[in-house]
Amino acid sequence: MKVAEKLLDLRRREMVETLKLYGITNRRVLDAFLEVPRHLFFDDNALDCAYDDGAYPIGHGQTISQPYTVAFMMALLVERCPSGKVLEIGTGSGYQAAILDTLGYSVFTIERILELKERAEKLFCRLGFSITCRYGDGTLGWMDEAPFDGIVVTAGAPKEPSSLMSQLAENGCMVIPIGDYASQQMTVIQRHGNDFKRELFQQFTFVPLVGREGWDDTVF
Ligand code: SAM
């Protein structure tokens, strides 16, 4: 292994130690973070930031989410829905989809910005991830592939998108940040027949979920 790669490997281990300090204990999640090289989802000139515990711009006013945020969402998902088919809304850099794939889910992901979708799709192909990508408004879900055991929304929603709720499998769960522009409460919605059980967690700040069942797309 070259010196630069060894250094990045070391930084990745340090990032996982930070996640543990912040209270992420799920072994499957920590192992996935050790396995996926986050720096490959960054431009070459931003490599220094790849293992910081922060969000980072990826173009088009969007970000790759903070590692802690991704780990928090993944722990909520794996503890309730340990396997099966997962839909991610907001492909962005592709990192979170790669984590989902590494966790063993069958992953479908939707992005509303064509260039980001195409960039992530090429990266998945190059790195050997078998993730199915689609360009479009993820607030409407992916009807042809429903139902999903898990749905992970990686942008901040003003409310629960009813299309996504209807595409959850029995016992399936959706992890979604809901709130206003400034901050959103991480929410888990689990389906039991026609009942939906809700659990509320801490506040985060995401870029907005823009679309028919999200924020108005004439504003963004
Ligand atoms: N999961 C991403 C990652 O690992 O990089 C996080 C990306 S960023 C925090 C959220 C993404 O959601 C952005 O790329 C944004 O374009 C996308 N997005 C926002 N509204 C969307 C919608 N209605 N459908 C699909 N993608 C959407």
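1. A residue is called buried when its relative accessible area is under 20%, exposed when over 50%, and partly exposed in between (1.4 Å probe, protein chains only). By this criterion, 50% of the 220 residues of the protein count as buried. The structure is a predicted model, in which local features need pLDDT of at least 70 and side-chain atom pairs count only at pLDDT 80 or more, while totals for chains, interfaces and linings use all residues. Residues are numbered from 1 along each chain as its sequence is written, and side-chain values use heavy atoms, with hydrogens and water left out.

2. Overall form. The protein has 6 helices and 9 strands; helices (H or I, at least four residues) and strands (E, at least two) are DSSP runs, numbered from the N terminus. Its radius of gyration is 16 Å, close to the 17 Å that the globule rule gives for 220 residues, so the protein is as compact as a globular protein of that length. The radius is taken over C-alpha atoms, and the rule is 2.2 Å times the number of residues to the power 0.38. Along the principal axes, the C-alpha atoms fill a box of roughly 55 × 35 × 35 Å.

3. Contacts across the sequence. Contact here means heavy atoms within 4.5 Å. Among contacts between residues at least 6 apart in sequence, 54% join residues at least 24 apart.

4. Thr109. This residue belongs to strand 4 (residues 106–111) and is buried, with a relative accessible area of 0%. Its side chain makes polar contacts with the side chains of Glu88, at 2.7 Å, and Thr91, also at 2.7 Å. A polar contact is a pair of N or O atoms within 3.5 Å; within protein, one must be able to donate a hydrogen and the other to accept it, and residues adjacent in sequence count only if both atoms are side-chain atoms.

5. Helix 4. Residues 95–102 form helix 4, which is mostly covered, with 7 of its 8 residues buried. Among the buried ones are Tyr95, Gln96, Ala97 and Asp101. Gly104, which follows the helix, has a positive phi near 100 degrees.

6. Ile176 lies in strand 7 (residues 168–179) and counts as buried at 0% relative accessibility. Leaving aside neighbours within four places in sequence, Ile176 is in contact with residues including Val153, Pro161, Met186 and Ile189. Thr218, by contrast, is found in the segment after strand 9 (195–204) and counts as exposed at 67% relative accessibility.

7. Backbone geometry to inspect. Most residues other than glycine have a negative phi, and most peptide bonds are trans. The peptide bond from Ala146 to Pro147 is cis, with omega near 5 degrees; Pro147 is in the loop between strand 5 (132–135) and strand 6 (148–153). His60 is not a glycine, yet has a positive phi of about 60 degrees. His60 lies in the loop between strand 1 (56–59) and strand 2 (62–64) and is partly exposed, with a relative accessible area of 42%. Asn171, likewise not a glycine, has a positive phi of about 70 degrees; Asn171 lies in strand 7 and is partly exposed, at 41%.
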